[in-house]
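The sequence and the structure come next.

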Amino acid sequence: MADWQEISGGITAPRGYRSAGIRAGLKSSGLPDLALIVSDVEAIAAGVFTTSHVKAACVDYCRQSLQAKHSARAILCNAGQANAATGHQGWLDALESAMAVAQALNIPSESVLLASTGVIGQRIRMDALKAGIPKLVAELSETGSDAAAGAIVTTDLVTKSIALETMMGDRPVRIGGIAKGSGMIHPNMATMLAFVTCDAAVSPTLWQQMLSRAGDRSFNSITVDGDTSTNDSLIALANGQSRTPAITEMGAEAEKLEAMLTAVCQHLAKAIARDGEGATCLIEVQVTGAQDEQAARQIAKTIAGSSLVKSAIFGRDPNWGRIAAAAGRAGVPFEQENLKIKLGDILLMENGQPLPFDKKAASEYLKQAAQGAYLKEDTVLISVSIGTGSSSGKAWGCDLSYDYVKINAEYTT
C-alpha cells in the first residue's frame, strides 16, 4: 500500500501556492492560453529539460536561471506559440515575459521561470501576453489549479492533474502537479510540460536529484510518436510551507518524499501517453530479469515506441512477434532462450519458445482496454522477462491510430 492518499486541489493543493489560467488572445481559437503558478514565498526550484539541440528560448532561460540560483517564486506558461527556433528576438521575448510577471508580482525577474508550447518557429504574441498578465495576477487563487491546467494545453483532449498527501511526523506534506502533452512525445523529456509543487522543505541539491530520478521513471519513460520536442520542461518547486523539518540528505523521510514525487510524475506521464493524439488505449510495458534498471527501461521504451507494436494494438491483433523483435533490437544483450512474453494474463512465449494461446481471447483483451475507464481499465499490459536479473523497469505509450496522421497532417493549416 502506498504511504499517501490522493487529494483534490492539483497544483495548489500544497500550502502556499496560487495559480490562474486565462484567455489572453495568444491562441487563434480563443481558448485559454496563459497560466501562472506562484509560491507565497521563495521556493527551492529544480528542472529537467529537453535534450534537443534545437531548444525554445524558455528552456535556455530556465537552465540559465537555475544555474544562477536554485529558487523561484513563479512559473509563467504560454500556449499557442512555442518561441522555439525564433533567434535572438525569441530570447528577448522570454526576458520581457519574465520582467512583466516580476513587475506585476513585485518580485525579482530572477524569481520567474518560463515555459511555452505551441507551433515551433512562432514568436510569442507579446502584446497579448503583456496585456494579459495583470488579469492573470488578479485571478491568482488557491483553487486555480484547474484553470491553469486548462490554459497550458494544445492538442490535448483532457487536462492532466494530480495531488497526493502523506504524513511526516504529525504534519501533512503535499505534492501537486499539472501537465500537458499529446503529441511530439518521446523519452529524453518526453511537446510536454509538467509543473510540480511541494510544501516540504528540501535542500536544492537533493530536490534536483529527486526530480531527475522521478523524471527518468516517468516522463523519460513514455512515448507517443518517437519525436522529442524543443520545449519539454519539468519544473518543480518546494516551498517549505508544511513547516516540517528540512530534508537535507537521503533517509526514510527523503525516500518517502521521492516516492510520492515519482508517483505524481508517473500519473501525469501516463495521462500524457493515454492522451496521445488519436490514441484509444494506454500501453504499459513491464520488463523484468534485467541486470539494471536502465537496461530494463530501455527495452520497455523500445517496445512501447515500436510503430509495429502500436499498430497491432490498435488493430486488436495479438502479434507478439513484434514485441519480441522490438525487445531484441533495444540494444540490451540477453539470451533469446530466456525471453518470456505475456499480454495481460495470457502467456504467449516462454523460454524463447512460442506457446499455443487463445487468439480470440487475446484480441478481446485488447478490445476491452479500448473501451475501459480512463486511466483505470484502459491499459494494455505487456510483460516481458529477459533473464534472471534482479532489476525491472517500465515504460508507457499508446496505440497508433489513423487519427494520429490526420491530426498532425493538419497541425498548422
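Leu366 is part of helix α10, which spans residues 359-370. The model is a predicted one. The relative accessible area of Leu366 is 0%, and because buried means under 20%, Leu366 counts as buried.

When neighbours within four places in sequence are set aside, Leu366 is in contact with Ile313, Arg316, Asp317, Pro318, Leu343 and Val380.

## Packing of α1 and α2

Two packed helices are described by the angle between their axes and the distance between the axes. Helix α1 covers residues 57-68 and helix α2 covers residues 87-105. Their axes are 9 Å apart, and the packing angle is about 60 degrees. Angles of 65 to 115 degrees count as roughly perpendicular and those under 35 degrees as roughly parallel; α1 and α2 are therefore oblique to each other. The crossing of α1 and α2 is right-handed.

On the α1 side, the contact is made by Ala57, Asp60, Tyr61 and Gln64. On the α2 side, Gly90, Trp91, Ala94, Leu95 and Ala98 take part. Sorted by class, the contact of α1 with α2 has six nonpolar residues, two polar residues and one charged residue.

## Packing of α5 and α6

Helix α5 (residues 204-216) and helix α6 (residues 252-274) have axes that come within 9 Å. These axes cross at roughly 40 degrees, which makes α5 oblique to α6. For α5 and α6 the crossing is right-handed.

Which residues of α5 meet α6? They are Leu206, Trp207, Met210, Leu211, Arg213 and Ala214. Their partners in α6 are Ala254, Leu257, Glu258, Leu261, Thr262 and Cys265. The contact of α5 with α6 divides into nine nonpolar, one polar and two charged residues.

## Annotated positions and Lys180

An unreviewed UniProt entry carries the annotation "binding site", which covers Thr154, Lys180, Thr191, Glu277, Asn408 and Thr413.

Is Lys180 buried or exposed? Its relative accessible area is 2%, so Lys180 is buried.

Note on methods. Residues are numbered from 1 along each chain as its sequence is written. This is a predicted model: local features need pLDDT of at least 70, side-chain atom pairs count only at pLDDT 80 or more; totals for chains, interfaces and linings use all residues. Side-chain values use heavy atoms; hydrogens and water are left out. Axes are lines fitted to C-alpha atoms, for helices over the stretch in contact, and angles run from 0 to 180 degrees between N-to-C directions. Helices (H or I, at least four residues) and strands (E, at least two) are DSSP runs, numbered from the N terminus. Angles under 35 degrees count as roughly parallel, over 145 as roughly antiparallel, 65 to 115 as roughly perpendicular and the rest as oblique. A crossing is left-handed if the near helix is turned anticlockwise from the far one by less than a right angle, and right-handed if clockwise. Contact means heavy atoms within 4.5 Å. Ala, Val, Leu, Ile, Met, Phe, Trp, Tyr, Cys and Pro count as nonpolar, Asp, Glu, Lys and Arg as charged, and the others, Gly among them, as polar. UniProt positions are given in the numbering used here, feature names are shortened, and annotations may be inferred rather than shown by experiment. Buried means under 20% relative accessible area, exposed over 50%, partly exposed in between (1.4 Å probe, protein chains only).
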